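Please look over the sequence and the model, then read the points below.

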Amino acid sequence: MKKIIPVYVRVPLLFALVFMALEYFIDSGDKPAFIKYPMVSIFLFVFLFIQIAIEIVISAMDKITYAILTDEQKKKLAETEAMGIQESEWYKKLKRIFTKSRPIEEEGEIMLDHNYDGIKELDNVLPPWWVYLFYGTILFAVIYLVRFHIYGDYNQKEEFETEMAEARIAVEEYKKTAKDLVDAETVTLLTDAGDLAQGKTIFETNCAACHRADGGGGIGPNLTDEFWILGGGIKNVFHTITEGGRDGKGMVAWKGTLKPSEIQLVASYVISLQGTNPADAKAPDGEIWKEEGAEKTEENTDQNKVIHKERYEGKMVRSFSLSENVNPKDIYAEFEDGVLVVVVPKLETQQVEDHRITIS
Ligand code: HEC
């Protein structure tokens, strides 16, 4: 049989397909699968080797078979090989199945008897590919009608909302992996010990020269007190480190040197230094920073408890005045991810019976 795709295309093509399939199906993170898993490289190598071996065997067998052909068979083979695809038997058969067209010799049977200036018309049947496509559209319409207009599966608005919800989840997922997307608006305070340790390393490498290893200050201001020149809180600190301080003061913009995720780490570390009070620290500069976030409070009161939630960054001291009907024994407070939650249970209210006095 004539080989439609020559060997120098076939081998690399098949290899590329297998390679892409492996990369597609094997989850290997940000590295290509064949680098991450050496087994994949070995497999690909063996696959290529076998592919070449098969090609060699086939071509050798072809040569041997050719050698034992008679002259007549050789001639016939040459003829079929010279034939284009469109002349081949299987192509013609395929065409007949799809179009049901009559061969030219039989056209006389379906010729209509009118004749317009020598133009004659054939009464061909509709091509099956077209007819079945048409039936397909009818079937589609029926299913569509029943599903969406009778059962009312979902409408465009619901579809839009589901897709938007899915997209939002995908964006959240993406943001989790793409740590460098943080900016001064979206940055959050990291409190995990591992993150702070990384922040500390960055600080000691880049910042200690001016702010001292303990943050007590030198050329740069003291970072451990509650006074800030350019604003405290994770967002301002992130912004200062990214964009630098006031012109000519010596604090450069670090956005060219550190990645946003690294700035987040070091900024969180700087904030964790609050109140550490290192020995002979530099005198305070700037003003006391009050976190606006402290106002982000939320209070729910239900039948038997008061729940107080508060978002806060950095250190804080909070005092609450309790109303009279609370049960002070079971007050419970929790501080996690910058949110303070205080739950204050109320005392069981005692129903006082009505006592009626009749004076006459
Ligand atoms: C060349 C010295 C120098 C280096 C290095 C340096 N800083 Fe600064 N830093 C300063 C100076 C000076 C200021 C005061 C800027 C101003 O007054 O505008 C400052 C200000 C700051 C502030 C604001 C303080 C406030 O009170 O508002 C923060 C936060 C800060 N630096 C963090 C860092 C971090 C984190 C690094 C390391 C990535 C770093 N700095 C590296 C000199 C430096």
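The crossing of α1 and α3 is right-handed. This is a predicted model, and its chain holds 11 helices and eight strands.

**The chain as a whole**

- The chain has 360 residues, of which 11% are buried.
- Of the contacts between residues at least 6 apart in sequence, 60% join residues at least 24 apart.

**Helices α1 and α3**

- Helix α1 spans residues 7-25 and helix α3 spans residues 38-67; the two pack with their axes 11 Å apart, at an angle of about 155°.
- An angle over 145 degrees counts as roughly antiparallel, and α1 and α3 are therefore roughly antiparallel to each other.
- On the α1 side, the residues in the contact are Val-7, Val-11, Leu-14, Phe-15, Val-18, Phe-19 and Leu-22.
- They meet Val-40, Leu-44, Phe-47, Leu-48, Gln-51, Ile-52 and Glu-55 of α3.
- By class, the contact of α1 with α3 consists of 12 nonpolar residues, one polar residue and one charged residue.

**Helices α8 and α11**

- The axes of α8 and α11 are 7 Å apart, and the helices pack at an angle of about 95°.
- Angles of 65 to 115 degrees count as roughly perpendicular, so α8 and α11 are roughly perpendicular to each other.
- From α8, the contact takes in Asp-195, Leu-196, Gln-198, Gly-199, Lys-200, Ile-202 and Phe-203.
- From α11, the contact takes in Glu-262, Leu-265, Val-266, Ser-268, Tyr-269 and Ser-272.
- The contact of α8 with α11 divides into six nonpolar, four polar and three charged residues.

- Helix α5, residues 89-99, is hardly covered: of its 11 residues, the number that are buried is zero.

**Around the ligand**

- There are 26 residues around the ligand, and those that come nearest are Cys-207, Cys-210, Gly-220, Gly-245 and Met-251.
- Two or more residues of this shell come from each of α8 (193-206), α9 (208-211), α10 (233-243) and α11 (260-272).
- The shell is made up of 16 nonpolar, seven polar and three charged residues.

Definitions and conventions: Residues numbered from 1 in each chain as written. Predicted model: local features only at pLDDT ≥ 70, side-chain atom pairs only at ≥ 80, totals over all residues. Near = placed C-beta within 6 Å. Helix = DSSP H or I, 4+ residues; strand = E, 2+ residues; numbered from the N terminus. Nonpolar A, V, L, I, M, F, W, Y, C, P; charged D, E, K, R; others polar. Buried ≥ 20, exposed ≤ 12 C-beta atoms within 10 Å, placed from the backbone. Axes fitted to C-alpha atoms, helices over the stretch in contact; angles between N-to-C directions. Parallel < 35°, antiparallel > 145°, perpendicular 65-115°, else oblique. Left-handed = near helix turned anticlockwise from the far one by under 90°. Contact = placed C-beta atoms within 7 Å.
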